[in-house]
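Subject: Structure for your review

Dear colleague,

Please find below the structure I am handing over to you, together with its sequence. My findings follow directly after it.

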Amino acid sequence: MSEMNSASRKWVFLTLLFVSISIILATVLIHQHVNANFPKKCPNKFVLNGIKPDYKAIEIFSDLTPTELTTVKDFLVSDKNLNIVASEATVNSNYIYMIELYNPDKKEALNYLDHGGAKPARVAKAVVFRGADVQPSIAEYLIGPLPNPTWYRPHSPSTRKRVINFSSRPTTIPEYTALYTHFLPKALEKVNHILEESYGYTYHNCTKKCLTVGEVAPKGLKSGERRSWVMLLRQLEGFYLHPVGFHVLVNHESSNTAKWAVEKVYYHGQYFISIEELITKYDKGSITKIKLSDSSRESSGYNRRGAFRADTSQTGPRQYEPEGHRYRVDGNFVQYMPWTFAFRISYMGLQIFDIKYNGERIVYEMGLQDVVSYYTGNDPIGSLFRAMDSGWHFGADNFELVKGIDCPHTATYLDTYHFVNSDKPLKYPNSICIFEHNTGVPLRRHLEDEHRRGYSFYGGLVNYVLVIRSVNTVYNYDYVVDYIFYQNGVIEAKIHPTGYLVATYFLGHGLKYGNKIFDHVLGNVHTHMINYKLDMDIVGTSNSFKTVNLQLENTTVVWSPEHAKVMPTVKHDLKKTESEAAFKFDVRLPYLVFVNENARNKWGAQRGYRVQLTSHGNPLLPEDYEEEKSVAWSRYQMAVTKRKETELYSGSIYNQHDPWDPAVYFQDFINDNENIVNQDLVAWVTVGFVHIPHSEDVPNTATACNGAGFFFRPFNFYDEDPSVASRDVVILRPGPPGSGETRVSWWTEQSPTEPSVCLPDIQPLTYNGTRGPV
Ligand SMILES: [Cu+2]
């Protein structure tokens with residue numbers, strides 16, 4: 001027995017050994033096989049069948065190349081009559097502030113795009129600050145034709161005839177250098193002991209525990225002034241949340257910096273006529289002093305703190321494109337299934353041109369005009385600050401995007417080039433992204449319930465959209481700027497402010513102007529308002545505008561006349577003039593519909609597109625208040641005007657620093673009250689929201705809940721929802737009764753049940769973060 005047992009054990013052992021070796025071998029072989037084929041990288045290819053787009057729009061709407069920008073600069077600098085310095089400009093130099101593409105005349109552009117006309121000349125616009133002239137001024141020039149310019153001519157930003165004050169120019173690097181490197185350190189040298197004793201931080205010659213500075217606008221209280229309140233903040237991560245309540249009012253109006261002076265000082269709620277007065281009274285002990293405790297470095301930044309009740313260190317979901325991109329980008333031209341458009345990034349941000357759906361133009365131009373935040377408060381900063389980002393080179397602040405965070409890894413990232421507030425073109429790497437994504441909500445779906453515990457069919461269309469995005473960081477706030485293209489012909493413009501609040505030192509009746517949100521910090525109430533230009537072309541440029549509203553009708557029940565009935569009826573109201581088509585904030589918006597009166601869909605309706613706002617805006621200021629003139633567009637949720645080459649923008653880069661006599665006064669666009677029936681029309685759309693900062697705005701205002709924008713959506717433009725052509729639709733039907741089978745209909749290459757498997761090409765996270773010479 002024992003021998004047999006022993007032999008049996010041996011066999012069992014050998015068998016087990018053999019099985020184990022086989023499993024190991026098989027595992028190694030399978031692993032090797034899998035490694036050879038999987039995981040594979042997702043293909044980086046564009047697969048778009050069908051009609052190739054007409055690429056003409058690339059040529060006329062693309063931004064100036066670095067070479068073109070340099071050519072324009074050299075052309076202007078080489079003209080001795082203009083007396084412009086090439087570099088090392090100071091406030092009293094004549095120097096170029098910016099150069100960018102000047103959009104072509106629309107009639108010429110359409111003649112070229114649609115009728116085989118001549119290609120419009122490529123023209124640049126340059127803004128020159130002429131500080132060296134006896135009477136310093138601002139000059140704008142148009143320069144053409146590119147790439148080899150032969151002429152330049154003066155240009156006026158609007159129909160305006162009056163001269164634009166030199167004091168209304170945006171703040172520039174030469175001025176900042178003079179202000180922050182020379183003037184302020186010297187001016188504040190004498191108060192270093194006050195800063196040290198009061199805040200434990202200093203400014204002059206500081207190497208540790210330093211204060212930093214920031215100034216607000218408008219720069220004064222009447223036209224022609226250039227007097228800035230400069231605030232001091234502790235230089236910590238998230239310094240916007242560390243104001244100390246010390247400000248100086250600097251008069252820097254003169255192009256001669258020797259004439260600059262401190263005109264007022266604000267210290268802990270008290271005003272002084274000079275730095276000397278503050279020092280004398282402080283040293284004598286005759287004023288209220290403050291000894292501010294050190295702030296927590298952690299709590300104003302992004303360092304992780306606290307913990308969720310339940311938590312994981314697993315990474316989150318990622319997206320991938322199993323068959324490659326379903327859109328293509330050629331330079332500044334994008335094709336996404338039915339959609340084509342061109343884009344550029346001007347001084348005021350992304351502009352989208354020549355938007356077509358299945359080859360039919362819907363929009364000629366759409367883009368931001370201004371992004372403003374109007375503050376309130378009980379110190380000079382809060383009570384004065386009215387930020388108009390057109391005056392702070394919004395469009396040229398589209399800094400580098402972080403892959404996988406600012407846009408998906410799968411996005412196409414593009415570089416941009418700006419010649420703004422610099423003496424040469426600068427490259428902004430990866431500063432625009434384009435991507436397709438699944439919004440996670442079906443665009444359409446229906447289950448046809450059979451009411452006998454079964455169904456007759458299910459239809460669903462995945463909501464894939466294409467997004468083009470930039471993120472523009474204008475000092476404290478970061479604005480996520482999106483244009484989104486849906487397969488059913490809808491276009492969405494959306495902006496999300498995030499980043500840091502402008503906050504002030506909490507004192508006195510601060511709660512009247514917001515909430516206390518941090519150590520000694522008031523989150524100042526402000527209103528975000530954003531203006532868009534929408535130059536639509538509905539079946540050509542001969543368009544009309546109407547409202548469609550519901551009107552209640554008193555009637556009787558037909559089959560029972562003794563009963564009264566109230567019910568809504570549809571009322572179409574054609575607007576004939578510009579003043580009839582301007583909607584202030586005191587009205588609830590009806591349907592806002594742009595139509596071509598001579599084009600009908602299959603059902604006899606005028607073909608149209610509708611503007612629908614997603615906004616909680618409020619008027620900024622009363623209309624009779626002088627400062628409000630610079631943002632007159634904000635009087636209207638939407639205003640419709642006849643398109644003119646002299647009314648290209650609702651705002652101007654000069655409005656910020658001279659809001660009292662603005663270079664562009666939008667009300668003038670409406671005041672001539674032109675006929676808008678069967679005309680080329682532009683809609684000026686204003687969106688925004690009131691922001692009462694709260695403790696959760698620390699460290700940053702979140703994008704969630706803080707977006708605004710509008711939709712441009714078909715309204716009887718098509719005979720049916722044009723997304724019926726989409727291949728992303730899936731239909732499910734039950735198989736033969738009792739079979740338990742499902743019949744699946746789908747039109748993409750891959751079955752939804754057997755998806756291609758590949759890995760997106762994710763590179764290690766790198767970030768340059770700088771913009772450098774080309
Ligand atoms: Cu805000």
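The pLDDT of the protein chain averages 91, and 93% of the residues score at least 70. Where pLDDT is low, the predicted coordinates should not be read in detail.

The sheet around E7 and E8

The strands E5-E6-E7-E8-E9 form, in that order, an open sheet of 5 strands with antiparallel pairing. Its edge strands are E5 (211-215) and E9 (270-272), each of which pairs on one side only. From one strand to the next, the twist averages 25°. Helix H5, made up of residues 173-189, lies across E5, E6 (227-234), E7 and E8. Relative to E7, helix H5 runs at about 105°.

The hairpin of E27 and E28

Strand E27 (residues 544-557) pairs with E28 in the antiparallel sense, over 13 bridges. A hairpin of 2 residues joins E27 to E28. One of the bridge partners in E28 is histidine 572, which is paired with valine 548. Is E28 largely in the open or largely buried? Strand E28 spans residues 560-575, and of its 16 residues the number buried is 0, so the strand lies largely in the open.

Tyrosine 477 carries an annotation in its UniProt record, an unreviewed entry, which reads "modified residue: 2',4',5'-topaquinone". In the model, tyrosine 477 is found in strand E21, residues 477-486. Tyrosine 477 is buried, because 21 other C-beta atoms lie within 10 Å and the cut-off for a buried residue is 20 or more. Leaving aside neighbours within four places in sequence, tyrosine 477 is in contact with Pro497 and Gly499.

Phenylalanine 715 lies in strand E34, residues 708-715. This residue is buried as well, with 22 other C-beta atoms within 10 Å. Which residues does phenylalanine 715 touch, not counting those up to four places away in sequence? They are Val593, Gly608, Tyr609 and Arg610. The C-alpha atoms of phenylalanine 715 and alanine 704 are separated by 29 Å, the two residues being 11 apart along the chain.

Arginine 445 has its place in strand E18, residues 444-449. With 14 C-beta neighbours inside 10 Å, arginine 445 counts as partly exposed. Its contacts, leaving aside neighbours within four places in sequence, are with Gly459, Gly460 and Leu461. Between the C-alpha atoms of arginine 445 and valine 250 the separation is 62 Å, and the two residues are 195 apart along the chain.

Yours sincerely

Methods:
Residues numbered from 1 in each chain as written. Predicted model: local features only at pLDDT ≥ 70, side-chain atom pairs only at ≥ 80, totals over all residues. Buried ≥ 20, exposed ≤ 12 C-beta atoms within 10 Å, placed from the backbone. Helix = DSSP H or I, 4+ residues; strand = E, 2+ residues; numbered from the N terminus. Pairing = 2+ DSSP bridges. pLDDT = per-residue confidence, 0-100. Axes fitted to C-alpha atoms, helices over the stretch in contact; angles between N-to-C directions. Contact = placed C-beta atoms within 7 Å. UniProt positions renumbered as here; feature names shortened; annotations may be inferred.
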